[in-house]
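My entries follow in the order in which I made them.

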Amino acid sequence: MELKFLDYSEEGGIATIVINRPKALNAINAGVMSELGTLFSGAIDPGRLKGVIITGSGEKAFVAGADITEFRDLGAEQGAFLSRKGHEIYNTIERFPIPVVAAVNGFALGGGCELAMACHLRVASENARFGQPEVNLGLIPGYGGTQRLVQLIGKGKAMELLLTGDMIDAPTALQLGLVNAVVPQEELLIKARGFIEKIASKGPVAIAKTIACVNAYFDKAQNGFDVEIEAFGDAIASDESTEGVTAFLEKRKARFKNFKY
């Protein structure tokens, strides 16, 4: 798998994706977006992994935004195409059946904040900064920011950040529920891996179905309660549930058949 803008590696059943454009503060260009799409649309095999970490190269930025140089002279139709493509790829990340953790090192602005929000969990370094500053350019978020920010921190505060373009620091992001943990820079990947290792001790079918059910809550085309009912039926009939329930009754740790790495 040849990648130009991303570095990809696997260790101990955890895949790490590093957005590697440090001179541009890891800004998302068409190449980064395309390679993310390639990875999450088939190149990564979730059946043999515990989870995925997405981070940025260096200590200054996770992703400092979209590459604005690519926005020049775009018409409405081209802009909508660009946004639609971003939505499709970020939705694929959001729906990935194993945990995807954003390890936010530094600036996560615009498309970078949107990428972090598409992940299932977010861990931030102490120097992390978050924001949707698109209004400063006469733009709006185009990769789901107006929707996911509201989902994560509520309408009132999301409206404030979207309309002012203000940045918030890591402690504020934690307080608002935008991130799950804040740690020193040198502990960032350790914390991200820790989340994945903890989740990996649970039933993989249950994890995948939980991700699907939570996402269904926000999908207007689905009834989340109906999705949960069907998923619960599938889960309770699975060998995984049989092992989990038996282990509980026998007062031992469940031995799930998790991964093939």
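**Leu25.** I looked up how exposed Leu25 is: with a relative accessibility of 32% it counts as partly exposed. My cut-offs, with a 1.4 Å probe and protein chains only, are buried under 20% relative accessible area, exposed over 50%, and partly exposed in between. Leu25 sits in the loop between β2 (14-19) and α1 (30-43). I take helices (H or I, at least four residues) and strands (E, at least two) as DSSP runs, numbered from the N terminus.

**Ground rules.** The model is predicted, so I note that local features need pLDDT of at least 70 and side-chain atom pairs count only at pLDDT 80 or more, while totals for chains, interfaces and linings use all residues. Residues are numbered from 1 along each chain as its sequence is written, and side-chain values use heavy atoms, with hydrogens and water left out.

**Overall form.** I list ten helices and ten strands in the protein. Its radius of gyration is 19 Å, close to the 18 Å that the globule rule gives for 261 residues, so the protein is as compact as a globular protein of that length. The radius is taken over C-alpha atoms, and the rule is 2.2 Å times the number of residues to the power 0.38. Along the principal axes, the C-alpha atoms fill a box of roughly 65 × 40 × 35 Å. Of the 261 residues, 43% are buried.

**Positive phi.** I noted Asp73, which is not glycine and has a positive phi near 65°. Asp73 lies in the loop between β4 (61-63) and α2, and is exposed at 77% relative accessible area. Lys251, also a residue other than glycine, has a positive phi near 55°. Lys251 belongs to the segment after α10 (239-249) and is exposed, with a relative accessible area of 78%.

**Asn223.** I found Asn223 in the loop between α8 and α9 (224-236). Asn223 is partly exposed at 38% relative accessibility. Its C-alpha atom is 27 Å from that of Asn180, which is 43 residues away along the chain.

**Aromatic pairs.** How many aromatic pairs are there by the rule? I count three. Rings of Phe, Tyr and Trp (its six-membered ring) pair if their centres lie within 6.5 Å; planes under 30 degrees apart are stacked, over 60 edge-to-face, and the rest tilted. The Tyr90 and Tyr143 rings are edge-to-face, because their centres are 5.6 Å apart and their planes stand at 70°. Tyr90 lies in helix α2 (residues 76-94) and Tyr143 in the loop between β8 (129-131) and α4 (145-153), so the pair ties together parts 53 residues apart in sequence. Tyr90 is buried at 0% relative accessibility, and Tyr143 is buried at 8%.

Another edge-to-face pair is Tyr217 with Phe218, at 4.8 Å centre to centre and 85° between the planes. Here Tyr217 is exposed at 63%, whereas Phe218 is partly exposed at 39%.

**Charge over a ring.** I checked Lys191, which lies over the face of Phe195 at 5.3 Å from the ring centre. The test asks for NZ of Lys or CZ of Arg within 6 Å of the ring centre and within 35 degrees of the ring normal.

**Largest pocket.** The space in the largest pocket comes to about 510 Å³. Its lining has 20 residues, and Asn91, Glu94, Gln151, Phe218 and Asp219 lie nearest the centre. Two or more lining residues come from each of α2, α4 and α8 (204-217). By class I have seven nonpolar, eight polar and five charged. Nonpolar means Ala, Val, Leu, Ile, Met, Phe, Trp, Tyr, Cys and Pro, charged means Asp, Glu, Lys and Arg, and the others, Gly among them, are polar.

On a 1 Å grid over the protein atoms alone, a pocket is an open set of points with protein on both sides within 12 Å along at least five of seven lines; a cavity is a set where a 1.4 Å probe fits but cannot get out; lining residues have an atom within 4 Å of a point. Points are joined across faces, edges and corners, and a volume is the space filled by probe spheres set on them.

**Cavity.** I count one cavity of 30 Å³ or more. The largest cavity has a volume of about 30 Å³. Its lining residues include Cys113, Phe130, Leu149 and Ile168. That lining has six nonpolar, two polar and no charged residues.
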